Amino acid sequence: MAYLDSRLRRWVTVYLPLLAFLFVLLFPFYWMGMTAFKPNEELVSKAANPFWINNPTIVHFEKLLFDTSYPQWMWNTVVVSVIATFTSLAASVFAAYAIERLRYKGSRQVGLAIFLAYLVPPSILFIPLAAIVVQLGLYDTRWALILTYPTFLIPFCTWLLMGYFRSIPYELEECALIDGATRWQVLIKIILPLAVPGLISAGIFAFTLSWNEFIYALTFISSSETKTVPVGVVTELVEGDVYHWGPLMAGALLGSLPVAVLYSFFVEYYVSGMTGAVKE
């Protein structure tokens, strides 16, 4: 690190790349916020400054919240994401524990197969899943999404928790078994408390994937009152070749806030969980 002793070298190798990274990362959110608060006159005017607002307005938010079903879309997204996340996390805990801690023959191959299942693109899976959803009578209901989202959440969460469970010393589990604890007690009282960062990290990932999912929600949902935010904003605020940019950006901005708040509260656990998952 002696290379960074001079101020010029620090600016060239650290500060300027970080500033460029932050600009690329945050500029879309800035543009989204500017568009959401701009009046229609400034949005269509060539003379208006595209990077600033002269007369901010909240008319786009009023239209979004009171003239569309956006509150219902938001509620549907919350319900589907929360239930799918907790269901997938529960299944992933049992799968990851069985693969990493029970030491049976072929466990590594099973773990690899689960991870490879995550790599199957949703554009291939949604066709057979659509047939199953229709046969079960779940089409155009929130249960169609709640039951199909775990198909891509469980493989990823299982792979993530496998790496974290692998970092927990086996001696703790062996001592508990010698003292008479059952496998269930070992999992609940020893493994899970030590794996809280990994659980939070997997939960954040699962919630984010559920919140932003588009293909399944577009395929399995048709009525406006059952849509989620990603689908409702795109399908209801675009009429033919007319894009209502103000409400569109307002909906995108409000839809991104819950995930941003979630990451801000659990960022330390998230980093710790990711470190535990990839250290080996």
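## Surface and overall build

The protein chain exposes about 15,800 Å², and carbon and sulfur atoms supply 70% of this area. The structure is a predicted model, and in it the C-alpha trace of the protein chain spans about 75 × 70 × 30 Å along its principal axes. The chain contains 14 helices and 2 strands, and 38% of its 280 residues count as buried.

Among the contacts in the protein chain with a separation of 6 or more, 72% are made by residues 24 or more positions apart.

## The nonpolar cores

The largest nonpolar core has 38 residues, and the members that touch the most other members are V93, L145, Y149, F165, I191, Y216 and F220. Several helices each supply at least two residues of this core, namely helix 4 (70-101), helix 6, helix 7, helix 8 (150-166), helix 10 (183-194), helix 11 (196-212) and helix 12 (215-220). The largest share comes from helix 8, which provides 9 residues. Apart from this core lies another one, made of 17 residues, among them L64, V229, L237 and A250.

What is I191 in contact with, once its neighbours within four places in sequence are left aside? The partners of I191 are then Y97, R101, F165, I168, E173 and V186, and of these, F165 is also listed with I191 among the residues that touch the most other members of the largest core.

## A loop residue with positive phi

D140 is found in the loop between helix 6 (122-135) and helix 7 (142-148). The phi angle of D140 is near 65 degrees, which is a positive value in a residue other than glycine. Is this residue buried or partly exposed? D140 counts as partly exposed because its relative accessibility is 21%, while the term buried is kept for values under 20%.

## Confidence along the chain

The average pLDDT of the protein chain is 86, and 94% of the residues score at least 70. Among the elements of the chain, helix 7 has the highest mean pLDDT, at 94, whereas helix 14 (residues 245-278) has the lowest, at 74. Over residues 276-280 the pLDDT is below 50, and this stretch has 9 contacts in the model beyond near neighbours in sequence. Where pLDDT is low, predicted coordinates should not be read in detail.

Definitions and conventions: Residues numbered from 1 in each chain as written. Predicted model: local features only at pLDDT ≥ 70, side-chain atom pairs only at ≥ 80, totals over all residues. Heavy atoms only, no water. Helix = DSSP H or I, 4+ residues; strand = E, 2+ residues; numbered from the N terminus. Buried < 20%, exposed > 50% of the residue type's maximum accessible area, 1.4 Å probe, protein only. Contact = heavy atoms within 4.5 Å. Areas by Shrake-Rupley, 256 points an atom, 1.4 Å probe, with all protein chains shown as cover. Core = buried A, V, L, I, M, F, W, Y, C linked by side-chain atoms within 4.5 Å. pLDDT = per-residue confidence, 0-100.
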